[in-house]
Amino acid sequence: MTAKEVIAEAARCLHCECRKPETCLLRIYSNEYGADQKRFQGSDRKLVTKQFQHDTVIYEPQKCIKCGICVRITAKYQEEYGLTFIGRGFDVVIGVPFSGSIREGLTRTAEEVANACPTGALAMKGGRK
């Protein structure tokens with residue numbers, strides 16, 4: 001790495017290995033409104049997992065805020081499986097119906113969904129957009 005790349009890497013938040021350090025809306029609004037991560041602290045956090053099932057997209061479900069943007073995009077473009085809300089209440093997760101993989105759910109809209117994701121839970125491999 002060059003000195004410039006090292007400085008840029010050191011300047012990013014190291015809490016979640018964010019793939020959208022400049023545009024993560026969760027980080028921007030948390031800073032703007034002074035969010036305190038311990039205010040509503042519950043049980044221990046789940047470890048962040050990364051799913052590399054797709055050729056161009058990485059999915060980190062624990063970063064997802066369940067905003068539904070990805071669900072709406074896959075529905076708009078009529079993906080065969082797409083993404084949907086699975087479960088109810090606090091246990092809801094975003095996933096591919098019928099226990100499908102991210103590769104099956106994002107056949108045509110992967111880049112658009114990754115670019116629209118406000119937290120980087122769905123992000124392009126190898127690059128930050």
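Val113 is in contact (heavy atoms within 4.5 Å) with Cys70, Ile73, Thr74, Leu83, Leu106 and Leu122, leaving aside its neighbours within four places in sequence. This is a predicted model, where local features need pLDDT of at least 70, side-chain atom pairs count only at pLDDT 80 or more, and totals for chains, interfaces and linings use all residues. Residues are numbered from 1 along each chain as its sequence is written, and side-chain values use heavy atoms, with hydrogens and water left out.

**Overall build**
- The protein has 5 helices and 4 strands. These are DSSP runs, numbered from the N terminus: helices are H or I with at least four residues, strands are E with at least two.
- From the N terminus on, the order is α-α-β-α-β-β-α-α-β.
- Of the 129 residues, 33% are buried. Buried means under 20% relative accessible area, exposed over 50%, and partly exposed in between (1.4 Å probe, protein chains only).
- Take the contacts between residues at least 6 apart in sequence: 58% of them join residues at least 24 apart.

**The core**
- The largest nonpolar core holds 18 residues. Such a core is a set of buried Ala, Val, Leu, Ile, Met, Phe, Trp, Tyr and Cys residues joined through side-chain atoms within 4.5 Å.
- Cys70, Leu83, Ile94, Leu106, Val113 and Leu122 have the most contacts inside this core.
- Strand E1 (57–59), helix H3 (69–76), helix H5 (110–116) and strand E4 (122–124) each give two or more residues to it.

**Helix H3**
- Cys70, Val71, Ile73 and Thr74 are the buried residues of H3.
- Seen down the axis of H3, these buried residues fall within an arc of 165 degrees, so they line one face of the helix. The arc is that of the directions from the helix axis to the C-beta atoms.
- Exposed Arg72, Ala75 and Lys76 sit on the face of H3 turned away from its buried side.
- The cover over the buried residues of H3 includes strand E2 (84–86), strand E3 (93–95), helix H4 (102–105), H5 and E4.
- Thr74 lies in H3 and counts as buried because its relative accessibility is 2%.
- Not counting residues up to four places away in sequence, Thr74 touches Glu79, Gly82, Leu83, Gly105, Leu106, Thr109 and Val113.
- Gln78 follows H3, and its phi is positive, near 50 degrees.

**Tyr29**
- Tyr29 has its place in helix H2 (residues 25–33).
- Tyr29 counts as partly exposed because its relative accessibility is 45%.
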